[in-house]
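Here is a short report on a protein chain. Look over the sequence and the fold before reading on.

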Amino acid sequence: MLNINLLVSTGAIIGYVALGIIALVLIIVIIKSIIIVPQANTVIVERLGKYAKTLEAGFHIIVPIIEKKANVVSLKEKVADFPPQPVITKDNVTMQIDTVVYFQITDPKLYTYGVERPMSAIENLTATTLRNLIGDLELDQTLTSRDTINQQMRSILDEATDPWGIKVNRVELKNILPPRDIQEAMEKQMRAERQKREAILQADGEKQAAILSAQGEKEAAILRAEAKKTAMIKEAEGQAEALLRVYEAQARGIELINNSNPNSAYVTLKGFETLEKVANGQATKLIIPSEIQNVTGLLASLKEVVSDKEAPKKK
């Protein structure tokens, strides 16, 4: 009886353990069948080793054991900074160029099954494309055509990676490192160009200064001439005004004399005064008018004038 009870107890324990194991397996299976996909991510699901579906962001349940999560793909834009690559220009100059590629996965299925090791494939494709483009350019063109090279590389890489579900948004040449001797030659050339520009600017400055100085002297001479002209005009106007006043005064005097009706004795006396002034000059010849040749008549007339003036005084 004791053995039977012992067997029953042992069987119950085994049954409980088996139920516990089954429950634990069920819980693990349920947990494994639940997939939560974060935002900006996708999950590739395979069913018995074959592509089944692509899970977007959110809550999903898959069939355990039969279906499994094959790959998690991020849809965010990625940045790949590749190490410097040796390239040779058209004029046989070897230099190091490193590139930065900005790309984004647009088709997770193609990205998962399209190419083995996608990052390595993009790096090698970038290196070969860069060598092809730089091989058609000379050193100076390479240094001054970054934008053109970037656009050409982006176009080529985007077309080549399209079957892989990858879109190349931008390609940038990060650094272009020519050989040391080329860098020294470029530095010397740059210093020479700077010295040339400095000399040109200095010469232009001196030229402008000379031009401005000449213009200043010209304007000053013009102003001096105009001032002298104005002064001469004013002086001439003053002299003309003075002569006009003199002539007006003389005309007024003559008018007064005419209005007073002078006699012949007065006119003759004025003639002698004028003759005296002429005789005091530097002239070597004198012309005496015929009107004053009759001295006797003139003296008689003066005597009468004097007598007429003294008669009232005696009275």
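How many helices and strands are there in the protein? There are eight helices and nine strands, taken as DSSP runs numbered from the N terminus (helices: H or I, at least four residues; strands: E, at least two).

## Basis

This is a predicted model, in which local features need pLDDT of at least 70 and side-chain atom pairs count only at pLDDT 80 or more, while totals for chains, interfaces and linings use all residues. Residues are numbered from 1 along each chain as its sequence is written, and side-chain values use heavy atoms, with hydrogens and water left out.

## Overall figures

The protein has 315 residues, and 20% of them are buried. Buried means under 20% relative accessible area, exposed means over 50%, and partly exposed lies in between (1.4 Å probe, protein chains only). The exposed surface comes to about 23200 Å². Carbon and sulfur atoms supply 58% of that surface. Areas follow the Shrake-Rupley method with a 1.4 Å probe; for residues, only the protein chains shown count as cover.

Contact means heavy atoms within 4.5 Å. Of the contacts with a separation of 6 or more, 63% join residues 24 or more positions apart.

## A nonpolar surface patch

Y16, L19, I22, L26, I30, I34, I36, F59 and I61 make up a nonpolar patch on the surface. Together they have about 1000 Å² of accessible area. Patch members have over 30% relative accessible area and no salt bridge; like charges are joined within 9 Å, and nonpolar side chains (Val, Leu, Ile, Met, Phe, Trp, Tyr) within 5 Å. A salt bridge is a side-chain nitrogen of Lys or Arg within 4 Å of a carboxyl oxygen of Asp or Glu.

Helix 1 (2–33), strand 1 (34–37) and strand 4 (58–61) each supply at least two patch residues. Helix 1 gives the most, with five.

## Strand 1: I34 and I35

I34 lies in strand 1. It counts as partly exposed because its relative accessibility is 36%. I35 also lies in strand 1, but at 7% it counts as buried.

Leaving aside neighbours within four places in sequence, I35 contacts L55, G58, F59, H60, I62 and K69. The C-alpha atoms of I35 and H60 are separated by 5.0 Å, with the two residues 25 apart along the chain.

## Positive phi in two loops

N92 is not a glycine, yet its phi is positive, near 60 degrees. N92 sits in the loop between strand 7 (85–88) and strand 8 (94–105). At 65% relative accessibility, N92 is exposed.

R117 is another non-glycine residue with positive phi, about 50 degrees. Its loop runs between helix 2 (108–113) and helix 3 (118–135). R117 is exposed, at 60% relative accessibility.
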